[in-house]
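Hello,

Here is the structure I promised to pass on to you.

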Amino acid sequence: MVKQDKEANSPTEKTQRYETLCTAVEQSLHRKMIAQTDFDFLVEAIYTRTHELLSATTLKRLWGKVQSDYTPSAHTLNILAQFLGYSDFDGFCQHQQANDTPPSNPVLSEHIDVEKDINIGDEITLYWAPGRVCHIRYLGQLQFVVIESEMTRLQPGDTFSCNVFINGEPLYLKDLCQAGHPPFNYVCGMKGGIRYERSKQA
């Protein structure tokens with residue numbers, strides 16, 4: 001639960017704390033939250049790290065990108081603080097008062113930001129336990145197609161969308177399309193995460 005103290009009572013001070021939290025999230029990702037794709041990326045990164053789902057609309061309201069009289073819930077603030085490595089929003093605020101350095105545990109390990117780091121035609125091989133292997137190709141617009149797979153539900157020709165790949169973290173696939181099935185979401189490497197290797201089409 002987010003605790004209240006005398007210093008956090010005024011609306012201005014609360015707004016400053018929210019802005020500090022948003023800035024810390026952007027710094028951890030090395031990415032400004034501006035466009036819809038930025039917030040989609042953040043939704044997936046939060047889910048990957050915390051296994052909690054915040055909507056892009058909620059995040060856009062907190063960032064002031066949606067015109068509304070919005071006060072973030074304790075739940076939203078706590079999840080974002082946990083994303084940064086703190087126990088809750090109160091812990092984040094206390095840390096900011098005492099020390100401006102970030103927590104020692106990095107938010108994202110080695111990762112691929114799909115929008116910024118890869119080009120159409122680039123290929124990635126994914127590995128996760130037990131013995132799963134999947135080779136995919138980037139189609140553009142955050143879309144991938146499965147080229148080859150071993151010991152996994154994913155089959156050649158399947159398509160899905162994804163914003164980020166993080167070594168050692170689960171991979172969240174959106175709108176996975178398989179023959180005979182409506183699109184659905186799917187998680188690879190729920191236990192132990194995935195490992196990826198990059199290659200480029202000749």
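This is a predicted model: local features need pLDDT of at least 70, side-chain atom pairs count only at pLDDT 80 or more; totals for chains, interfaces and linings use all residues.

Residues are numbered from 1 along each chain as its sequence is written, and side-chain values use heavy atoms, with hydrogens and water left out.

The protein chain has six helices and nine strands; helices (H or I, at least four residues) and strands (E, at least two) are DSSP runs, numbered from the N terminus. Of its 202 residues, 45% count as buried. Here buried means under 20% relative accessible area, exposed over 50%, and partly exposed in between (1.4 Å probe, protein chains only). The accessible surface of the protein chain is about 10800 Å², and carbon and sulfur atoms hold 49% of that; the areas come from the Shrake-Rupley method with a 1.4 Å probe, and for residues only the protein chains shown count as cover. Taking contacts (heavy atoms within 4.5 Å) between residues at least 6 apart in sequence, 45% join residues at least 24 apart.

Helix 4 is worth a click. It spans residues 74–83, and seven of its 10 residues are buried, so the helix is largely enclosed by the rest of the structure. Among the buried ones are Leu 77, Ile 79, Leu 80 and Phe 83. Just after helix 4, Gly 85 takes a positive phi of about 105 degrees.

Now the charged pairs. How many salt bridges does the structure hold? There are nine, each being a side-chain nitrogen of Lys or Arg within 4 Å of a carboxyl oxygen of Asp or Glu.

- Asp 122 and Arg 198 meet at 3.8 Å, N to O. This pair links distant parts of the chain, with Asp 122 in strand 2 (residues 122–128) and Arg 198 in strand 9 (residues 195–200), 76 residues apart. Asp 122 is buried at 8% relative accessibility, whereas Arg 198 is partly exposed at 42%.
- Arg 195 and Glu 197 form a salt bridge at 3.1 Å, N to O. Arg 195 is partly exposed at 41%, and Glu 197 is partly exposed at 38%.
- Glu 26 and Lys 32 pair at 3.6 Å, N to O. Glu 26 counts as buried at 11%, while Lys 32 is exposed at 55%.
- Arg 31, Asp 38, Asp 113 and Glu 115 are linked in a network of salt bridges.
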